[in-house]
Amino acid sequence: MKAYLVTTGTIWALFGATHVFVTFEHWRQPVHETGSLFLPALFAAAGAGLAVWAFQLVRRASPAAG
């Protein structure tokens, strides 16, 4: 169970980090659509939140569970 949570948390952290990069890339360019800056920022926050949640579950998991 712990290996699954660590893997999932890592994937979500990479997903969030990628969208942080996309958000900054869109920030530097003129915005033509409202969603072009808002959606990557929303996805970055969601990925970061899910990664934090997964790593908190890793800390709470019992040693015998994984």
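Visitor: Is Thr23 buried or exposed?

Guide: Buried means under 20% relative accessible area, exposed over 50%, and partly exposed in between, with a 1.4 Å probe and protein chains only. Thr23 has 11% relative accessibility, so Thr23 counts as buried. Keep in mind that this is a predicted model, where local features need pLDDT of at least 70, side-chain atom pairs count only at pLDDT 80 or more, and totals for chains, interfaces and linings use all residues. Residues are numbered from 1 along each chain as its sequence is written, and side-chain values use heavy atoms, with hydrogens and water left out.

Visitor: Which helix does Thr23 lie in?

Guide: Helices here are DSSP runs of H or I with at least four residues, numbered from the N terminus. Thr23 belongs to H1, residues 2–28.

Visitor: And which residues is Thr23 in contact with, leaving aside its neighbours within four places in sequence?

Guide: Contact means heavy atoms within 4.5 Å. By that rule, Thr23 is in contact with Leu37, Pro40 and Ala41, once neighbours within four places in sequence are left aside. Its side chain also reaches the backbone nitrogen of Ala41 at 3.2 Å.

Visitor: What about Trp27, buried or exposed?

Guide: Trp27 is also in helix H1, but its relative accessible area is 59%, so Trp27 is exposed.

Visitor: Where is Phe38?

Guide: Phe38 sits in helix H2. With a relative accessible area of 52%, Phe38 is exposed.

Terms used. Helices (H or I, at least four residues) and strands (E, at least two) are DSSP runs, numbered from the N terminus. A polar contact is a pair of N or O atoms within 3.5 Å; within protein, one must be able to donate a hydrogen and the other to accept it, and residues adjacent in sequence count only if both atoms are side-chain atoms.
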